[in-house]
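Subject: Structure for you to look at

Hello,

Here is the structure I promised to pass on. Please open it first and keep it beside you while you read the notes below.

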Amino acid sequence: MSFIDTLPSFTWSSANGGEVKGLSTTDAWVTPWLQSMLRMKLLTPHRYFHSIQTKFKLCPHEEICGGFAAVNATTYLLNPIGFSRIERGAKDVVGQMGMVNCHEFDHIGLLHPYRLESFANHDIANRAADTKINANIDEDNKRFKAELGYVPFPFLELDDEYGQMRVIHEPELAKGRHVPEIYQILVKREMEDQHKQQQQQQQQQQQQQQGDGGQPQPQPQPQDGGQQQQQPQPQAGGQPTE
């Protein structure tokens, strides 16, 4: 049995105006979450279809389930701490909960739990997928704004005791590109950022040396008649010789 299997389960239904089992409606976040699922079903039924065969688990463990939610191929992992944050601090509670739901069910519908496994850097692959999904949600919001006069799934924005929260949103990067293409660009960007950081560190070290007068430090003299012993050199892989 995996850790996820041990987490408490819950279910929801759109029957009778919305029902939920396994959650306490005395928790302030539960009712707006249910309303956000109903909104998702009404406006983006394709995402609702992805939810029909999905298991729902409560997961108050950010290191495993993220700050708000996460998914694998079959399970939606909802962090009640994160949704409590939305309930307390969001400007549009139902809408921003709906945005999180849309985002996670897009991951499931696009088979990302399977497709992202082949990427070498999982973190960057997930960012690439998030970039594409959020761009799609943004396009949906623009269409609904024109048709209905309001934005049903606004991007999540929070600023509370846990810190500031903003979602990934780079529409120009996502436009006309699939996730693998976005991934390659993000990998290149990361390598360039690392190179810049290394250059900055080298410049700082040089400035510190100049601030100390630029004088080289005296080296200790060998004590064995002027012959310095050769030290064993590392072999391939960085392991020193015996």
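Histidine 169 lies in the loop that runs between β7 (163-166) and α9 (171-174). Helices here are DSSP runs of H or I with at least four residues, strands are runs of E with at least two, and both are numbered from the N terminus. The model is a predicted one, in which local features need pLDDT of at least 70 and side-chain atom pairs count only at pLDDT 80 or more, while totals for chains, interfaces and linings use all residues. Residues are numbered from 1 along each chain as its sequence is written, and side-chain values use heavy atoms, with hydrogens and water left out.

Histidine 169 has 32% relative accessibility, so this residue counts as partly exposed. (Buried means under 20% relative accessible area, exposed means over 50%, and partly exposed is in between, with a 1.4 Å probe and protein chains only.) Setting aside neighbours within four places in sequence, histidine 169 is in contact with Asn134, Asp138 and Phe155; contact means heavy atoms within 4.5 Å. From C-alpha to C-alpha, histidine 169 is 8.3 Å from aspartate 130, and the two are 39 residues apart in sequence.

A pocket is found on a 1 Å grid over the protein atoms alone, as an open set of points with protein on both sides within 12 Å along at least five of seven lines; a lining residue has an atom within 4 Å of a point. The volume is the space filled by probe spheres set on the points, which are joined across faces, edges and corners.

The largest pocket has a volume of about 700 Å³. It is lined by 30 residues, and the closest to its centre are Ala69, His103, Glu104, Asn126 and Asp130. Several elements supply at least two lining residues each, among them β4 (69-71), α6 (93-109) and β7. The largest share, six residues, comes from α8. By class, this lining divides into 14 nonpolar, nine polar and seven charged residues. (Ala, Val, Leu, Ile, Met, Phe, Trp, Tyr, Cys and Pro count as nonpolar, Asp, Glu, Lys and Arg as charged, and the others, Gly among them, as polar.)

The second largest pocket has a volume of about 210 Å³. Its lining includes Phe68, Arg85, Tyr162 and Met165. Helix α5 gives the most to this lining, with three residues. The classes here are five nonpolar, five polar and two charged.

Arginine 85 sits in helix α5. Is arginine 85 buried or exposed? Its relative accessibility is 10%, so arginine 85 counts as buried. Not counting residues up to four places away in sequence, arginine 85 touches Phe68, Ala90, Leu158, Asp160, Tyr162, Gly163 and Met165.

Elsewhere, helix α2 (residues 30-43) and helix α3 (residues 45-52) pack at an angle of about 120°, with axes 5 Å apart. That angle makes α2 oblique to α3. Axes are lines fitted to C-alpha atoms, for helices over the stretch in contact, and angles run from 0 to 180 degrees between N-to-C directions. Under 35 degrees counts as roughly parallel, over 145 as roughly antiparallel, 65 to 115 as roughly perpendicular, and the rest as oblique. Met37, Met40, Lys41, Leu42 and Leu43 in α2 meet Pro45, Arg47, Tyr48 and Ser51 in α3.

As for the whole protein, there are 10 helices and seven strands. Of its 242 residues, 36% count as buried.

Regards

Notes. On a 1 Å grid over the protein atoms alone, a cavity is a set of points where a 1.4 Å probe fits but cannot get out, and a pocket is an open set with protein on both sides within 12 Å along at least five of seven lines; lining residues have an atom within 4 Å of a point.
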